[in-house]
Amino acid sequence: MQSGLRALAIRKPAWHGFRVVCAVVAMNCGFYALANLELATAISLSFTRPLFMILLAIVILGEVVRWRRGLATVIGFCGVVIMLQPGAIEFHWAFIAALASAFAVAMALVLVKLMSKYDEPVSIMVSFSIGTVLVSAVPAGLVWQTPTTIELMLLVGLGVVASLGQYSLIRAFTLGEATVMSPIDYLQIIIGSAAGFYLFQEMPSVWTLLGAVVIVGSTLYIVIRGAHVRATPPLPPD
């Protein structure tokens, strides 16, 4: 409201549209994964976002990734393989959905970085909000079921909690450094595992926990190494 019509001014509408599609794909795949996987597994797989970000940064943004972060990325995907145990557990499309959700989020973040060179942050936010509602309305209309009073209360509660989470996350990264905030973010896995155990009687397997440790360790290294590289002054020319 403070920005007025300036909030609707966008210079790269195709990029905005693609970002909206990525967001809707990420949201729906994420919901499907949560509904069909253990909470600990679904949340752990969602933390492959930084791994996909590295790959997309190389391909789309042309960034140079040195061998340390490249090796950490490979190790992180090995954690995914450990968690999924190919051939040892029954395949479920929810595993693919969880990874697709993480990839779509990473793609959306890359697009935000590209769009930020041309459009104001408020324009990026407004186009995202309006676009996701319009695009989501199409598949929602095909399978629409009017929520009961309890379901409506749960949906409103979800919206409030998600908004508070987003605000708190933005506030945290405003006040603190990413290398400090990112490790705290991984508390989601612990909280999700506890919620899955107490609410749904889910007991994560040893392989799930081991894979989560590998994924968390590799992505944490990528964050810390990236911060170290940015903080290190370039060497003077000879």
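The model is predicted, so local features need pLDDT of at least 70 and side-chain atom pairs count only at pLDDT 80 or more, whereas totals for chains, interfaces and linings use all residues. Residues are numbered from 1 along each chain as its sequence is written, and side-chain values use heavy atoms, with hydrogens and water left out.

The chain has ten helices and zero strands, and its pattern along the sequence reads α-α-α-α-α-α-α-α-α-α. Helices (H or I, at least four residues) and strands (E, at least two) are DSSP runs, numbered from the N terminus. Of the 238 residues in the chain, 32% are buried. Buried stands for under 20% relative accessible area, exposed for over 50%, and partly exposed for values in between (1.4 Å probe, protein chains only).

Helix 2 (residues 39-46) is mostly covered, with seven of its eight residues buried. These buried residues are L39, A40, T41, A42, I43, S44 and L45. Helix 2 packs against helix 9 (residues 187-200) at an angle of about 160°, with the axes 8 Å apart. That angle makes helix 2 roughly antiparallel to helix 9, and the crossing of the two is right-handed. Helix 2 also packs with helix 4 at an angle of about 160°, here with the axes 11 Å apart. Helix 2 and helix 4 are therefore roughly antiparallel to each other, but their crossing is left-handed. Axes are lines fitted to C-alpha atoms, for helices over the stretch in contact, and angles run from 0 to 180 degrees between N-to-C directions. Angles under 35 degrees count as roughly parallel, over 145 as roughly antiparallel, 65 to 115 as roughly perpendicular and the rest as oblique. A crossing is left-handed if the near helix is turned anticlockwise from the far one by less than a right angle, and right-handed if clockwise.

Helix 4 (residues 67-84) packs with helix 3 (residues 49-59) at about 135°, with 10 Å between the axes. Helix 3 is thus oblique to helix 4, and it passes helix 4 in a left-handed crossing.

A nonpolar patch on the surface is formed by M27, F31, L34, L152, L155, V156, L158, V160 and L164, which together have about 830 Å² of accessible area. Helix 1 (13-36) and helix 7 (149-175) are the elements that give two or more residues to this patch. Helix 7 gives the most, with six residues. V160 is placed in helix 7 and is partly exposed, at a relative accessible area of 45%. Nonpolar side chains (Val, Leu, Ile, Met, Phe, Trp, Tyr) are joined within 5 Å, and like charges within 9 Å. Accessible areas come from the Shrake-Rupley method with a 1.4 Å probe, and for residues only the protein chains shown count as cover.

Q201 lies in the loop between helix 9 and helix 10 (206-231). Its phi is near 55°, a positive value in a residue other than glycine. Most residues other than glycine have a negative phi. Q201 is exposed, with a relative accessible area of 62%. L210 lies in helix 10 and counts as partly exposed, at 38% relative accessibility. The C-alpha atoms of L210 and M83 are separated by 7.2 Å, although the two residues are 127 residues apart along the chain.

Methods:
Patch = residues over 30% accessible without salt bridge, like charges linked within 9 Å, V, L, I, M, F, W, Y side chains within 5 Å. Salt bridge = Lys/Arg side-chain N within 4 Å of Asp/Glu carboxyl O.
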